[in-house]
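Q: Could you give me a close look at one part of this model? Please begin with the terms you need, then connect that part to what surrounds the rest of the fold.

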Amino acid sequence: IMSASLFQPKLFDQAFGKRQEVIKVTNAFRLINGKGDFCSGLTIDQYDRHFVIQLFDGKWEKVLCEIVQYIDDKFHPQYIIAKWRISKNGRSLDVPQVKVLFQQTDSKTVVIENGLKFQIDVHDAVNAGLFLDMRDNRQRVARFVKDRSVLNTFAYTCSFGVYCKAAGAREVVNIDISKKVLEKGKANYQLNNLEVKPQEFLVRDTEDYLRWCLKKEKKFDCIILDPPSFSRHEGRVFSIQKKLPQLIEMAIESLAPQVQVLIATNCSSISIHQLKEYAMDKIQKLKYRVKQIESYHQARDYTESGTMKESHLAALLVSLN
């Protein structure tokens with residue numbers, strides 16, 4: 001009886017119905033967003049015919065078979081993987097336990113978003129290679145980068161870089177501390193027939209690189225600052241609460257006149273209001289003038305974004321004089 005009441009195909013049908021607009025621009029989106037789709041503790045992401053089920057509540061384990069059956073009937077999937085984001089004692093997991101539930105091909109696929117292609121590996125860590133909730137922000141930034149220089153910090157697999165290059169940016173420097181993810185970024189460039197210039201892919205710590213820019217007086221027309229909430233690399237721990245104000249200051253100092261900066265975070269303890277305070281504080285300190293400041297949240301397939309820990313994004317697009 002429990003499973004019959006928990007898994008309701010009608011709710012899944014309704015959720016899919018809400019995503020019809022998104023499907024026009026991409027085959028990679030969030031199909032179920034927890035309580036935003038009346039499925040608290042469950043998210044499902046679709047990457048073409050590869051699906052990632054994330055469990056933030058153990059109750060969903062009991063109906064995994066039914067969910068897989070539903071996806072199989074409705075979407076003819078090639079691959080379905082479940083990721084447990086909670087441990088037995090209820091703590092959230094940075095490195096999830098995973099289980100492949102359905103498999104016709106391997107875990108890799110290529111998705112299309114706004115006409116651009118991205119490599120995906122649904123078996124790779126928590127993230128598959130493309131942050132779906134930033135889709136709209138990638139497009140927003142791409143609108144004003146033609147013939148301009150862009151710094152893409154914490155670049156991950158360089159999806160912002162792909163958008164900017166495809167939109168005609170003169171230079172896009174992608175910075176990430178991980179060589180592995182930058183290699184994936186280069187592969188994304190190649191998928192889109194974009195030139196891979198070694199000097200535009202730097203395995204560097206963002207803070208160190210911004211320091212270097214300030215010293216050399218290297219300026220950019222646009223900076224994307226989208227740090228992880230938390231990361232560990234070679235014994236160093238990065239925590240956004242400690243670092244964000246300083247990173248914002250360094251980024252703004254590295255901007256040329258008449259510029260844009262995108263500042264974003266998925267850290268659920270930083271609200272859009274707080275992010276704005278951080279930014280305004282540094283902008284005033286550095287005596288820049290704000291031409292325009294726009295705030296954004298997750299893409300529209302993230303229903304009820306901001307009302308649950310696992311679905312949060314605060315993003316600011318700031319135009320400065």
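A: A residue is called buried when its relative accessible area is under 20%, exposed when over 50%, and partly exposed in between, using a 1.4 Å probe and protein chains only. Helices (H or I, at least four residues) and strands (E, at least two) are DSSP runs, numbered from the N terminus. The model is predicted: local features need pLDDT of at least 70, side-chain atom pairs count only at pLDDT 80 or more, and totals for chains, interfaces and linings use all residues. Residues are numbered from 1 along each chain as its sequence is written, and side-chain values use heavy atoms, with hydrogens and water left out.

Let's start with helix H2, residues 9-18, whose buried residues are Leu-11, Phe-12, Ala-15 and Phe-16. Seen down the axis of H2, these fall within an arc of 135°, so they line one face of the helix; the arc is that of the directions from the helix axis to the C-beta atoms. As background, an α-helix has 3.6 residues a turn, so residues three or four places apart point the same way. The buried residues of H2 pack against helix H3 (20-23), strand E1 (28-33), strand E2 (42-47) and helix H4 (64-75), where contact means heavy atoms within 4.5 Å.

Now to another helix pair. The axes of H8 (residues 206-216) and H9 come within 9 Å and cross at roughly 35°. Axes are lines fitted to C-alpha atoms, for helices over the stretch in contact, with angles from 0 to 180 degrees between N-to-C directions. Residues in this contact include Leu-210 and Leu-214 of H8, and Leu-247 and Met-250 of H9.

Strands pair if DSSP finds at least two bridges between them; E9 (171-176) and E10 pair in the parallel sense over 3 bridges.

Finally, the cysteines: the structure holds 0 disulfides, a disulfide being a pair of cysteine sulfur atoms within 2.5 Å. The sulfur of Cys-39 is 17 Å from the closest cysteine sulfur, in Cys-65, too far for a bond.
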